[in-house]
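Dear colleague,

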Amino acid sequence: MTNGTKFRAAALGASLAVFLSACGGGSSSHQNTIATSASNVQTITVNSGPAGDYANGVFTSVTVCVPSSSNCQVIDGILVDTGSYGLRLLSSTGGGALTLPLPHQTGSDGNPIGECAPFVSAFTSGPVATADITISGEKASALPVQVIDGTFANLADVCQAAFGTQEQDTLTGQNGQGGLSANGILGVGPLVQDCGSQCAQTGSSNPGLYYDCAGATCTVTSEGLSQQVQNPVASFATDNNGVIVELPQTSTASSVAGSLVFGIGTQSNNALGSATVFPINSNVEFSTGFKGQTYPAFVDSGSNALFFLDSTSTSLPECSDNANFYCPASNTGLSATPASTGSVSEALKFTIGNADSLFADPSAFVFPTLGGPNSGTFDWGLPFFFGRNVYTAINGKNTPGGQGPYWAF
Amino acid sequence: MQARVQSTQHSAYTLHELQSATGTIVREYVSPAGTVFAVAWKGPYPPNLHELLGSQYAQYEQAMKMPSGRASHGPATIRLPNLVVQLSGHMGDYSGRAYLPDKVPSSMSLESIR
């Protein structure tokens, strides 16, 4: 959970935009500028991903090494996720790319530590390992990462019993379970650890994410902050206060490329420019106004649609064959207004299309108009990122826009 | 689940609010006949859906396994004739609700289940 989250007014004003175009609202008549090759810039691509079936998934590659060695593996097809924290790599045991024997993290009793990592409708399970990682010119050493491995001890069963959500430990799914459809997840959201101080506690306030695994038997353990799986950006030597996801405006397509830029205001290519800062509250949210009502909201590149509200409040029907997406009879224009303590955006216009029609093209995997329901909440998922540079500042880190955590765009 | 409980009487139902030791708040909506017709939750950690859904869990689990075209990644909506489950949030921030559509009092709006 958020530690030391500050409610603070945004630092607005000075336009430092030299390299970034000054169209922070993402208006359709402007184009955002995508950073070109540099030591803090990593290419990202929205495409079908390693399983060939991902709609609106943004992927990149990471170089992973056994710590302090030259024993390394480049792994591509890793989902860039501003809605989670930490690097998770799908083991080859589940159809993933990871074959490098990363050393397991061990507890004080010498047993390996495992993790049940909760996502919204699924979990990943497997051991915590230690790796040196390199992304573009940025390095994090001895970083705790999760190896996603459903065969590790009895942990997947323990996680299922604890959460009751879907196990997602394979690439393509099995026995009717959905697959991860990625070789891993690069969690570069606004927090540092994936659990926080409560996982370092013992007793009933420990939420049960970390386990000490003696042979096949895993039991809940306390896990210190520095041992927890964590956002690799916060561990970089430089450019470690946040990231910018930069994707161009697009129509429905098979593939679109952009940049993941490390650091905010640390280099000439990552100035905050005219972007508006939206502080993130202790619930890891800001808010969004829609048709006169205000709702909790968040920004998440790992959500593959604009997931917001319900059919009653939006007048958008759910698809008859898939209640996870909206299926209006024709493209529907809407607007909503992100806001946070001290900051209000201009109304942002967006269009929601018919998901069944969009998915009817088997070669299309980039969908800027994909939407779906999300009762009482606004999830600004990947379609929000097209044509708009989205900044995520990490909790406790200083930036020219004030201390994180915040989103800015 | 260890929890503090607060109850509020409404005209068509009783609302029990429970706060678990991990900080996640669960609201249970109970009919005058004693049936829990809706639950909603919000907090830093996910609740245990086995506990919250009880006898409805098997139906939810079966529906999650049914292939439904291209997958959603993020929030999930399971809509069955007699059960709706909606999961929302992101890491560090989980919310959602489940309700029995034919048991929700007609005087109550679905938006108020949260």
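How many residues does the contact take from chain A, and how many from chain B? In this predicted model, 52 residues of chain A and 37 residues of chain B take part.

On the side of chain A that touches chain B, the elements giving two or more residues are helix H1 (155–163), strand S19 (322–326) and strand S24 (374–380) of chain A. S24(A) provides the largest share, five residues. Sorted by class, this side of chain A holds 27 polar, 19 nonpolar and six charged residues.

I turn now to chain B. Its open sheet is formed by seven strands, which follow the order S1-S2-S3-S4-S7-S6-S5 with antiparallel pairing. At the edges stand strand S1 (3–9) and strand S5 (76–80) of chain B; each has a single partner strand, so one side of each is left without a neighbour in the sheet. From one strand to the next, the twist averages 10 degrees.

One pairing may be described in detail. Strand S3 (residues 25–30) and strand S4 (residues 36–43) of chain B are joined in the antiparallel sense over six bridges. B:Ile25 has B:Lys42, in S4(B), as its bridge partner.

Which helix packs on the sheet? Helix H2 (residues 57–65) of chain B does so, touching S5 and strand S6 (83–90) of chain B. The direction of this helix makes about 115 degrees with that of S5(B).

With kind regards

Terms used
Residues are numbered from 1 along each chain as its sequence is written. Chains are lettered from A and ligands numbered from 1 in the order in which they are written. This is a predicted model: local features need pLDDT of at least 70, side-chain atom pairs count only at pLDDT 80 or more; totals for chains, interfaces and linings use all residues. Two residues are in contact if their C-beta atoms, placed from the backbone, lie within 7 Å. Helices (H or I, at least four residues) and strands (E, at least two) are DSSP runs, numbered from the N terminus. Ala, Val, Leu, Ile, Met, Phe, Trp, Tyr, Cys and Pro count as nonpolar, Asp, Glu, Lys and Arg as charged, and the others, Gly among them, as polar. Two strands pair if DSSP finds at least two bridges between them. Axes are lines fitted to C-alpha atoms, for helices over the stretch in contact, and angles run from 0 to 180 degrees between N-to-C directions.
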